[in-house]
Each structure stands twice: as structure tokens, then as C-alpha cells.
Amino acid sequence: MALSVGQNYGSSRTVLVNNQQVDLQNLKELRDLPEKHRAGREEEIRSGAEFLQQFPRFPASRACADLPWAILFLLTLLALLLFVATSMGELNSQAAAHSSRHLQTTSYGYVVDDAPGGSESGTYPGSQPMQHTFAADGNMHISESEGRHLAASICLACVAGAVGGLVSAALWIMAAKACASPVVYFSLYAIPALLMVGGLLALLGGSIHAGIMLCLLGGLMIVLTMCCWARYIPFTIEIVQMVATAFSERSEMVVISAIGGFVGPLWITLVILGYLAYYIKRTGGMSAEPSDGDSGAIYFFFFVLLWGSGVIGNVSHMAYCGVFSRWYFEEDEAPLLKSLHVATVTSFGSICFGTMMVAAINTVEAVVRGIRHAAQEDGNIVGCVIALIMEAIISCIGDLMEYFNQWVYAMCALRGGSFCDSARGTCTLISCTGMKAIIGDVLIDRVVGFGLLLATVAGGGLAALAGLLTATDTGGSMSRGDVIACSLAVGLVSAAISGGGVMLIMGSGTKAILMCWAEDPDRLHQQHGFEALHTELNNKAREWK
């Protein structure tokens, strides 16, 4: 058992962590607290210790935790599906009414025939003459065959971008296993270097202010990396190599990324259709201007969008954590299926509850941001400043909660239990094992961010290539360049979603393995051979305690 409370519970001031007695009176976190808050924090640590006693690692059976929140989310999903399904007739009629008017002409020296459906010839600046078909109202038409060809090109670009992003991100993680040091250094210095190169190009192009800002930003990031973060780089290299090694042995978890990359866009599409259906019912058509009374509905659908998207991402995160935890403790029987079962069934309610809190905070932040914009438009300086301060505070609270929730989900994957109990157990484990010093020294997010950037660029490039190969210049309303641009835009989005799902593995693996190390440190070097990393982790933990 990772942690247990002293025998005289209630009077004992010690807890047993990794077979070592930890005196709560000498615990750094409690010593740093004011006296009036110390007793409450000590009670929370004891409560977390009780949770860790009662819930063993990887129990044979788990009860569904936080079930009411899972039911609430599923009811929200069902209501949204029913609302969209019953509104499809209105959505289709509105789409048909606007299908011939979705591209507006621009005046670049064109001559338009007066007759309806007249033909127009002209040239864009720097392009070849093209033939276009216009209605009498001056709106550009896309023929049925051209529409089918455009839809096929966009679908192909979406698939190409998703595949390109997924494969590129997976290759980036595999490269981290083969040469972790170059990957980490490249991740830390490449983006500042690109910013400075972009600034120099802007200066050469005559954009003085933009060029100076980019150069200053890139230079500041390099200085911060060299002066503030350089001492964390060797430790980060060891962490990256450990996570990449575990991924290479459990590479089947890419399936989770593929599923998340497919379900995520579906949720976004569903929420957008739901809002459009509401808007049409509210205003009687898509051409009507939104009113001030629609802001509540906008924020509601924004909350639903964040909640569902967060649930999908956190299901993937918890499943990843389950796979990594089973790798650490050598639970080799169907690790992927068991981890997915925990994330989508027994701990799904915990995910819904934690994600709902973060989504609610982010929605409140959006409301305050809207108030700030309104005050700015009205010239209300005092209101603008107050709203800006509130927005910053709420944003910090949301970011902190979202970050802490990632560790709680790792605990849920390991032991189960409710969200609140898992949160107490996580706090106890982190406080009593010196994990706070370890968490602050890892620069894994920089590696993840640069890997996501590479995956997005690679997927977007593959999608643009697909658009180039399928685009034809038929003299219709959309040129070959327009098709390629649409393919690139769709490919970048799909690559960011699929690549982000894969790069999430790095962050999830780091949290899961560090959580497992806190429970059983010796396995890291005895079973997996990471002697140097084990020593470094122990040294950092002792410094904190």
C-alpha cells in the first residue's frame, strides 16, 4: 500500500508513505501555512490517506463514480441530438435558400451583363482571365458539379490533414526516444529562432513595428530559456526519454488519438448545428441580425461546446494515464481496453464533473470579456479596467483547476473513486512525497507544443498537396487556388486536432508515471532500468521535504 495513516488515527501526527513515517509537524507544506489554516490542511491530508488505504491500485471491479454527472452530460447530449434532428428540415431549407449566394463578388474591374444569369469575364490582378456565372443580384454561383468536386476535395484534405498530423506527432515521440536531447533543445530554441527570423523578414519587408516586436519577443524567449530554464533541461530530457520509451512499448494507444480526433470534430459540428437551429427558430432566418437577448443562448452553447470538447479530451487523457500506469506496474493484460473502460464507464462521471467546473469558469471568463468589450466600446475606462482584472483572476483560476484536474484524472485511472476523493488522495500523495519540487522542474509542455506545431504544419502541407492534385481550373466560380486554400485551411484544423491528440500522450504519460513513481519509486529503476532518473527524482523530493 502506497500510503497509510498512523495507528492512532486522530491523535497521531504521522502518516506512512512508501513504508516511511512522515511527521506532519515537519512537513514543509504544513510548516509554511499560517497556524489557523494548518489544522484544516492536516485533516485534508489524513482524509486523502484514508482514500489511498481504501482504494487499491487497479481493483478487480470498480463502481461507477460520480454517476449523476455522467447522466447529466448524456442527457445534454441526447437533448442536443433531438433538437438538431427535429430542426433538420429548417436547417436544410435555409441552406438551400442561401446555397446560391454564399460567395460575394468583388469589384476588380469586372463587367457584368444586365440579364439574369449573365456571363462575366474579367481578371483578378495578376491572374489569367476566367469565366464566371452570376445572378442578377451580383452573387456568384457554384454549379452542382463544381460543388461536388469542392466537397470531395475538402473531405480528402480533411483526411489527409488528420493522417498527416497523427503520423507526424507519433514520429516526433519516436524521435524523442531515439534522441531525446536534440528533441528537447530543438523544442526550446526553435520557436524563438523562428520568431526572430520572422522579425528580420518583416523588417526587410518594411514592417518596422511588427519586425521589432517579433525580434524582441524571440530574443526575450531565448534569454529566459538560457537564464531561467537551462537548469531544468537535463531533467526534462530524462523525463521525455522515459515517456517515449513507454509509448514505444504501448504504441497501441494511438488508437485513442484516432478515436478522439474523429469524435472531437463531430461534437463541434453538433453544437454549431444546434446553435444554428436555435437561431433560425428565434429569428425566423439566418439573414436576421442577432439581438442582445441572444447573448445568453450564445454563452449557453459556448458552455456546452467547452464541456463536450473537454470531456472528449479528458477521456483520452485518462485512458492514456491508465495505459502508462499499467506499463509502470507491469499490468500487461489488455491495458488499452481496460483503460478505455475506466475512462468511458466507471470514471466517466468524474470526468464530466471536473470538466464541467472548468467549462463553467471559462464561460464566466467569456462573459466578463464581453462586458469588458462593451465597456471599451462605450469609453468606460473604469469599467474596462475592473473587467480586465476580473478576467485575469478568473482565467488564472480556470487554468489552475484545469491543470490540477489532469493529476486527479491520473489518480482516477489508477484507483477509481469519486472526483473529490481522488483530488484529496492526489493532494496527499503530492504533499507527502515531495512531488511539488518535481512537477515544477519539468518543461514537457514546450516539447508537446513544438511537436503539435510540427504535426499541424505537416498535416496542413499534406492537405494542400491533396488539394493541388485534385483541383482543376474549369473556369467556374472557384479557381484552383481557391480549392487549394480551402484544402489547406481544413487540413490545418484536422491536423491540429489529430496531432494534438497524439501529443497529449507526452503530457499524460509524464503525469501518470510520476504519480506511479510517488506510489512505488523502486519500480522505475528495478523493473524499467531508469537508474539516473530515479536518483534525480529522489534528490528533488528530498530537497522539498
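Close-up 1. Arg369 is partly exposed, with a relative accessible area of 29%. (Partly exposed lies between buried, under 20% relative accessible area, and exposed, over 50%; the probe is 1.4 Å and protein chains only are considered.) The model is predicted: local features need pLDDT of at least 70, side-chain atom pairs count only at pLDDT 80 or more, and totals for chains, interfaces and linings use all residues. Residues are numbered from 1 along each chain as its sequence is written, and side-chain values use heavy atoms, without hydrogens and water. Arg369 forms a salt bridge with Glu365, the closest N and O atoms being 3.0 Å apart. (A salt bridge is a side-chain nitrogen of Lys or Arg within 4 Å of a carboxyl oxygen of Asp or Glu.) Both residues lie in helix H12 (residues 348-378), four residues apart, about one turn of the helix. (Helices are DSSP runs of H or I, at least four residues, numbered from the N terminus.) Glu365 is buried, at 11%. A network of salt bridges links Glu365, Arg369, Arg372 and Glu391.

**Close-up 2. The salt bridge of Arg57 and Glu519**. N to O, the pair stands at 3.1 Å. Arg57 lies in the loop between helix H2 (35-54) and helix H3 (67-86) and Glu519 in helix H17 (residues 480-519), so the bridge ties together parts 462 residues apart in sequence. Glu519 is buried, at 4% relative accessibility. Arg57 is partly exposed, at 28%.

**Close-up 3. The salt bridge of Arg523 and Glu330**. The N to O distance is 3.4 Å. Arg523 sits in helix H18 (residues 523-526), and Glu330 in the loop between helix H10 (295-328) and helix H11 (335-346), 193 residues apart. Arg523 is partly exposed, at 22%. Glu330 is partly exposed too, at 41%.

Key. Helix = DSSP H or I, 4+ residues; strand = E, 2+ residues; numbered from the N terminus.
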